[in-house]
Amino acid sequence: MPRYFNAPPRVPTTAEVDACLAVLDNADRARDHMMIAMAAMTGLRVHEMVALDWHQVVTDAGNIRHRVALVAENTKGGVGGDIVLPEGLRWKVSQYRTWCSRGGFSIDGDAPMFISRISRRISIRRVQQVWKAAQMASNSSRATS
């Protein structure tokens, strides 16, 4: 009998996410580490994460928000919504913001949170490539151990 539906996508386990974050745990890969941590700890879809601007995550006073309001046009179904940033993720966001500031990247309110090497908003495809590369690297490091 032919299969009409594919199996649902497999959700990565906590151990797999931790292994990917460990591979990206250096100053050169701060953006990539932050993207994977943000996706894993909040459940954001890739297009929702790519659409984040600094003003959504950081207040005018420079404090990291506990609850982030998503813009309706950037969410699935166009309904908007909120996500909660856990304490550990808020600390990572503040570290990432410092890293961006020191690197000369804009942290102004309307600037994108995740940017490419050419200082534009990062593409969904690039986020997918980063995730795939981190998975491959973590799998190879676990295989050699």
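The model is predicted, so local features need a pLDDT of at least 70 and side-chain atom pairs count only at pLDDT 80 or more, while totals for chains, interfaces and linings use all residues. Residues are numbered from 1 along each chain as its sequence is written, and side-chain values use heavy atoms, with hydrogens and water left out.

**Around Asp53**

Asp53 lies in the loop between α3 and α4; helices here are DSSP runs of H or I with at least four residues, strands are runs of E with at least two, and both are numbered from the N terminus. Now show the residues in contact with Asp53, contact meaning heavy atoms within 4.5 Å. Apart from neighbours within four places in sequence, they are Gly109, Asp110, Ala111, Pro112, Met113 and Arg121.

Of these, select Arg121, which forms a salt bridge with Asp53, the closest N and O atoms being 2.7 Å apart. The pair links distant parts of the chain, 68 residues apart, since Asp53 sits between α3 (46–50) and α4 (54–57), whereas Arg121 is in the loop between α5 (87–102) and α6 (124–144). A salt bridge is counted when a side-chain nitrogen of Lys or Arg is within 4 Å of a carboxyl oxygen of Asp or Glu. At 35% relative accessibility, Arg121 counts as partly exposed.

**The other salt bridges**

The structure holds five salt bridges. Go next to Arg31 and Asp32, whose side chains meet in one of them at 2.9 Å, N to O; both residues are buried. Then move to Arg45 and Glu48, where the N to O distance is 3.4 Å. Arg45 is partly exposed, at 39% relative accessible area, whereas Glu48, at 7%, counts as buried.

**Into the nonpolar core**

Return to Met113, and colour the largest nonpolar core, which has 30 residues; Met38, Val57, Val93 and Met113 touch the most other members. Such a core is a set of buried Ala, Val, Leu, Ile, Met, Phe, Trp, Tyr and Cys residues joined through side-chain atoms within 4.5 Å. At least two residues of this core come from each of α1 (14–23), α2 (30–42), α3, α4, β1 (67–70), α5 and α6, with α2 giving the most, five residues. Leaving aside neighbours within four places in sequence, Met113 is in contact with Met34, Met38, Leu52, Asp53, Trp54, Val57, Val93 and Tyr96.

While α2 is in view, select Ile36, which has its place in that helix and is buried, with a relative accessible area of 5%. Ile36 and Val46, ten residues apart in sequence, are 9.9 Å apart in space, C-alpha to C-alpha.

**The aromatic cluster**

Select Trp54, Tyr96, Trp99, Phe105 and Phe114, which form one aromatic cluster. Rings of Phe, Tyr and Trp (its six-membered ring) pair if their centres lie within 6.5 Å, and planes under 30 degrees apart count as stacked, over 60 as edge-to-face and the rest as tilted. By this rule there are four aromatic pairs. In one of them, Tyr96 and Trp99 have ring centres 5.9 Å apart and planes at 20°, so the pair is stacked. Tyr96 and Trp99 are three residues apart in helix α5, and are therefore separated by about one helical turn. Tyr96, at 3% relative accessibility, counts as buried, while Trp99, at 29%, counts as partly exposed.

Finish with β1 and β2 (residues 81–84), which run antiparallel and are joined by four bridges; strands pair if DSSP finds at least two bridges between them. Arg67 stands opposite Val84 in β2. In β1, Val68 and Leu70 make up the covered face, Arg67 and Ala69 the uncovered one. In a regular strand the side chains alternate between the two faces of the sheet.

Zooming out, the protein chain has six helices and two strands, running α-α-α-α-β-β-α-α from the N terminus on.

Technical notes
Buried means under 20% relative accessible area, exposed over 50%, partly exposed in between (1.4 Å probe, protein chains only).
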